[in-house]
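This report covers a ligand site and the pocket around it. The sequence and structure come next.

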Amino acid sequence: MAVERTLSIIKPDATRRNLTGKIVAKFEDAGLRIVASRRIRLSKGQAEAFYGVHRERPFFKSLVEFMTSGPVVVQVLEGENAIAKNREVMGATNPANAAPGTIRKDFAESIEANSVHGSDAAETAANEIHFFFSDLDIHS
Ligand code: CMP
């Protein structure tokens, strides 16, 4: 297995409820290392661009409103098989389908306010990391 990097976003529903530390603990307990981290407020343009692949979906407008409704924590996670491991730790997109002990099972409020985002594949991970971070911001 290769050491990979993936992008994580702790979403506004989770920052609002002061869950950042509990979510980070789940990443670290799974062996993922936080190699970059920043708390920011997304602009409408940034949220629209980041989720551009979903532009035609019925939930797009609401998703952009939600993602700009409060601060988010963008992070680069690093570790063996990090992309798949992060998706395992997050659980299914819809918390109703998420496995016990996953972030979304424990913390998500709904399919939209689902507490975390994680890159879904190697190419997406590289693009999403560079959406927020330069290589100079990342420290293993
Ligand atoms: P995320 O993994 O960040 O990717 C797209 C986001 O759209 C998703 O998590 C949810 O926050 C949101 N979303 C809202 N409704 C849906 C839906 N029906 N299917 C998938 N994602 C949805």
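How many nonpolar, polar and charged residues does the shell around the ligand have? In this predicted model, the shell has four nonpolar, four polar and three charged residues; Ala, Val, Leu, Ile, Met, Phe, Trp, Tyr, Cys and Pro count as nonpolar, Asp, Glu, Lys and Arg as charged, and the others, Gly among them, as polar. The residues around the ligand (a heavy atom within 4 Å) are Lys11, Tyr51, His54, Phe59, Leu63, Thr93, Arg104, Ile111, Glu112, Asn114 and His117.

Residues are numbered from 1 along each chain as its sequence is written. Local features need pLDDT of at least 70, side-chain atom pairs count only at pLDDT 80 or more, and totals for chains, interfaces and linings use all residues, while side-chain values use heavy atoms, without hydrogens and water.

| Residue | Polar atom | Distance to a ligand oxygen |
|---|---|---|
| Tyr51 | side chain | 2.6 Å |
| Glu112 | backbone | 2.8 Å |
| Asn114 | side chain | 3.2 Å |

Taken alone, the ligand exposes 450 Å² (Shrake-Rupley method, 1.4 Å probe), and the protein buries 79% of that.

The ligand takes the space of the largest pocket. A pocket is an open set of points on a 1 Å grid over the protein atoms alone, where a 1.4 Å probe fits, with protein on both sides within 12 Å along at least five of seven lines; lining residues have an atom within 4 Å of a point. A molecule sits in a pocket if more than half of its atoms lie within 2 Å of its grid points. The lining has 28 residues, and Tyr51, Val53, His54, His117 and Gly118 lie nearest the centre of the pocket.

Definitions and conventions. A polar contact is a pair of N or O atoms within 3.5 Å; within protein, one must be able to donate a hydrogen and the other to accept it, and residues adjacent in sequence count only if both atoms are side-chain atoms.
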